[in-house]
Amino acid sequence: ITSADADGHPNIITLGEVFNISITDPVILGIAIRKQRWSHRLISRTREYVVNLPTCRIADKVWMCGSCSGQDTDKFDRTGLTPLPAAIVRPPLIAECPVNIECRVIGIQEIGDHDLFLGQAVAQHVDETALDAAGSIVVDQLDGFALVAGEFRAFGRKV
């Protein structure tokens, strides 16, 4: 997830809590962040974030983004990831991620030790190599992974 402060300085946070709340009309993506995190403060203030779906090729960089605070570290500089301007929101896209979804916060709900940010998708960017002829995402082309029980696991086969 990318966020930015009021001056546009970007941050990256690695989250295991990213999910669809509503898949159409409107598309709403939820992210859950601990209240103590720097990204929580940035998103609470600016009410914008970008969901960037990483690939296995950059798993080491994703791990690093989750191992230090953006309050003290420029994670783009440290990882060599490439920020790209978003179309609508202030936080940047991550060029190395094949799917980027720009979101505006429409609600925040306190859930235990995390806050649930509800973000309405306002723009979506998908690498053309991950699309079929009809323009649908081909999951096998994403080279994606998820955090499962503290480990990164590559997307498996269709069941």
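This is a predicted model: local features need pLDDT of at least 70, side-chain atom pairs count only at pLDDT 80 or more; totals for chains, interfaces and linings use all residues.

Reader: Good to know. Where does Ile58 lie?
Author: Look in the loop between strand 5 and helix 2 (59-65). Helices (H or I, at least four residues) and strands (E, at least two) are DSSP runs, numbered from the N terminus.

Reader: And is Ile58 buried or exposed?
Author: Ile58 is buried, as its relative accessible area is 8%. Buried means under 20% relative accessible area, exposed over 50%, and partly exposed in between (1.4 Å probe, protein chains only).

Reader: Let's switch to the cores. How many residues does the largest nonpolar core have?
Author: It has 16 residues, and Ile1, Ile31, Ile33, Ile43, Tyr49, Val51 and Phe117 have the most contacts inside it. A nonpolar core is a set of buried Ala, Val, Leu, Ile, Met, Phe, Trp, Tyr and Cys residues joined through side-chain atoms within 4.5 Å.

Reader: Which strand gives the most to this core?
Author: That's strand 8, with four residues. Strand 4 (28-34), strand 5 (48-53) and strand 8 (99-111) each supply at least two. There is also a second, separate core of eleven residues, including Ile58, Ala59, Val62 and Ile94.

Reader: Nice. What about aromatics: how many pairs are there?
Author: The count comes to two aromatic pairs. Rings of Phe, Tyr and Trp (its six-membered ring) pair if their centres lie within 6.5 Å; planes under 30 degrees apart count as stacked, over 60 as edge-to-face and the rest as tilted. Trp63 and Phe152 are edge-to-face because their planes are at 85°, with ring centres 5.3 Å apart.

Reader: Which parts does that pair tie together?
Author: Trp63 lies in helix 2 and Phe152 in strand 11 (residues 151-154), so the pair links parts 89 residues apart in sequence.

Reader: And the other pair, what is the angle between the planes of Phe145 and Phe152?
Author: It is 55°, so that pair is tilted, with ring centres 4.6 Å apart. Trp63, Phe145 and Phe152 form one aromatic cluster.

Conventions:
Residues are numbered from 1 along each chain as its sequence is written. Side-chain values use heavy atoms; hydrogens and water are left out.
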